[in-house]
Amino acid sequence: MLDDLRSYYAAIENLDDNVGRLVDRLRAAGTLDNTIIALTADHGELLGCHGLLAKQRPWEESIGIPLIVGNLGAGGRVVADPVSTEDLFPTLLGLAGITPRDPKPGLDLTPIARGATDTLDREGVLLEFVAEMRPNIPFHEQTWRGIRSGRYKYTVLGGADGGKPWQFFDLANDPYEMTNLVDDPAQTEQLRHHHQLLRDRLAETYDHYVLAPAFGVPGLNEWDATAEHRLRFG
């Protein structure tokens with residue numbers, strides 16, 4: 001574990017040094033004031049959190065990647081609303097003053113990046129583990145989907161029989177995700193709401209994931225023997 005930590009922190013230091021070199025070169029070339037610098041990552045790293053390494057699981061340390069947009073003159077601040085990698089394309093175009101020719105997934109975060117607003121007109125973002133092709137590796141036979149709202153995170157886990165409620169965390173009161181509330185009767189309304197949010201998002205994105213019914217919300221993409229053995233979508 002110590003070697004993993006050393007490597008991780010060394011990588012951060014190396015990245016920091018090279019971003020500094022990039023800024024210096026832009027300044028020397030006289031183009032810094034006309035350059036927007038964005039930094040993100042493809043995934044996080046558990047690095048021992050929850051007793052695990054790697055990235056496959058829907059803990060915040062794994063899915064909570066950075067998105068830093070700088071050199072905009074709006075001052076430093078942190079926006080609490082969750083964003084998604086699908087927001088990158090419309091945002092980078094928006095920062096460059098370009099409107100996509102056709103509608104694309106995601107939101108243009110330019111107003112937030114430039115300080116015009118602090119909130120998004122969206123309740124949450126989709127989380128997904130699409131497939132694991134390697135046998136004997138977690139999530140090879142069962143994969144997961146989830147929805148991350150501003151305060152809560154809800155995930156389902158399952159295979160061809162449908163993803164079923166798996167985890168539900170109140171991130172405001174439990175930021176380290178130590179208490180799974182998925183079976184807590186006091187959370188039934190929030191669980192129903194987030195299961196519906198997840199279902200709506202899966203249908204909106206034409207996700208083939210099989211979602212089992214839960215909390216009074218119908219399933220999605222289930223095998224329906226009463227409908228001439230067709231798959232039911234939406």
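Which order do the four strands of the open sheet have?

**Figure 1. The open sheet.** The order is β3-β4-β5-β6, with antiparallel pairing; strands are DSSP E runs of at least two residues, numbered from the N terminus, and two strands pair if DSSP finds at least two bridges between them. At the edges are β3 (124-128) and β6, each of which pairs on one side only. The model is a predicted one, in which local features need pLDDT of at least 70 and side-chain atom pairs count only at pLDDT 80 or more, while totals for chains, interfaces and linings use all residues. Residues are numbered from 1 along each chain as its sequence is written, and side-chain values use heavy atoms, without hydrogens and water.

**Figure 2. Strands β4 and β5.** Six bridges join β4 (residues 143-149) and β5 (residues 152-158) in the antiparallel sense. Arg 148 is opposite Lys 153 in β5.

**Figure 3. The largest nonpolar core.** This core has 15 residues; a nonpolar core is a set of buried (under 20% relative accessible area, 1.4 Å probe, protein chains only) Ala, Val, Leu, Ile, Met, Phe, Trp, Tyr and Cys residues joined through side-chain atoms within 4.5 Å. Tyr 154, Val 156, Phe 168, Leu 198, Leu 202 and Leu 211 touch the most other members. Four residues, the largest share, come from α5.

**Figure 4. Model confidence.** The chain averages a pLDDT (the predictor's confidence in each residue, from 0 to 100) of 89, and 94% of the residues score at least 70.

Conventions: Buried < 20%, exposed > 50% of the residue type's maximum accessible area, 1.4 Å probe, protein only.
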